[in-house]
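Open the model in a viewer that lets you select residues by number. The stops below are meant to be taken in order.

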Amino acid sequence: MPDYIADLRARIGHAPVNLMGACGLIRDPQGRLLLQRLAGRDVWALPGGLCELGEPPAQTLRREVCEETRLHVHAATLLDLLTTPLRTLPNGHQAHFYTAIYRVDAWSGVPTPDGIEGVELAFFGAHELPSLRGQPGEYARAWLIEQAEVQTLTRGPVQSPTNTSRS
């Protein structure tokens, strides 16, 4: 959690706030989606997280992806802005979440989990996805299945990502 949120919570307690974040749909050359298995849980998620105070979502995407996967995002396209109704978290804090979903069009590096938020990174095809976390996970599942169907119909890659990593 960004420091400013902890400071804000110290002042307002559990009162509702708006929280903005970003996450990325990162595919390998085969079109599989990169996911991270979250520490202490049997659930997978897209790389991403909450914006720092005043940080644009595109910058949040680059920062969070690098922190969580050690990958560098070179180009990304905003696909959607997901919103949630008011949620009460297990600690009693209330929030509306806004998540910018990006398709990562170009990236470099070798996926390496940070060991803090994520303990494992893996690429998954549309029909082999594990249990995914939350609204971004639901979006990712539907999006990847749609991409696989389009690719099957056209018999070629659809908006294939550019991975400039050197293995």
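Are tryptophan 107 and phenylalanine 123 buried or exposed? Tryptophan 107 is buried, and phenylalanine 123 is too; buried stands for under 20% relative accessible area, exposed for over 50%, and partly exposed for values in between (1.4 Å probe, protein chains only).

Before going on, note that this is a predicted model, in which local features need pLDDT of at least 70 and side-chain atom pairs count only at pLDDT 80 or more, while totals for chains, interfaces and linings use all residues. Residues are numbered from 1 along each chain as its sequence is written, and side-chain values use heavy atoms, with hydrogens and water left out.

**Stop 1: the aromatic pairs**

There are two aromatic pairs in the structure. Rings of Phe, Tyr and Trp (its six-membered ring) pair if their centres lie within 6.5 Å; planes under 30 degrees apart are stacked, over 60 edge-to-face, and the rest tilted.

Select tryptophan 44 and phenylalanine 124. Their ring centres are 5.0 Å apart and their planes stand at 80°, so this pair is edge-to-face. Tryptophan 44 belongs to strand E3 (residues 44–45) and phenylalanine 124 to strand E8 (residues 118–124), so the pair ties together parts 80 residues apart in sequence. Helices (H or I, at least four residues) and strands (E, at least two) are DSSP runs numbered from the N terminus. Tryptophan 44 is buried at 8% relative accessibility, and phenylalanine 124 is buried at 14%.

Return to tryptophan 107 and phenylalanine 123. Here the ring centres are 6.2 Å apart and the planes are at 25°, so the pair is stacked. It links distant parts of the chain, with tryptophan 107 in strand E7 (residues 94–108) and phenylalanine 123 in strand E8, 16 residues apart.

**Stop 2: the sheet**

Select E3, E2 and E8. In that order they form an open sheet of three strands with antiparallel pairing; two strands pair if DSSP finds at least two bridges between them. E3 and E8 are the edge strands, each with a single partner, so one side of each has no neighbour in the sheet. Strand E2 (residues 33–38) is joined to E3 by two bridges, and the two run antiparallel. Glutamine 36 is opposite alanine 45 in E3.

**Stop 3: threonine 69**

Select threonine 69 in helix H2 (residues 57–69). Its relative accessible area is 0%, so threonine 69 is buried. A polar atom of its side chain lies 2.5 Å from the backbone oxygen of valine 65. Leaving aside residues up to four places away in sequence, threonine 69 touches Leu34, Pro47, Val110, Pro111, Thr112 and Leu121, where contact means heavy atoms within 4.5 Å.

Technical notes: A polar contact is a pair of N or O atoms within 3.5 Å; within protein, one must be able to donate a hydrogen and the other to accept it, and residues adjacent in sequence count only if both atoms are side-chain atoms.
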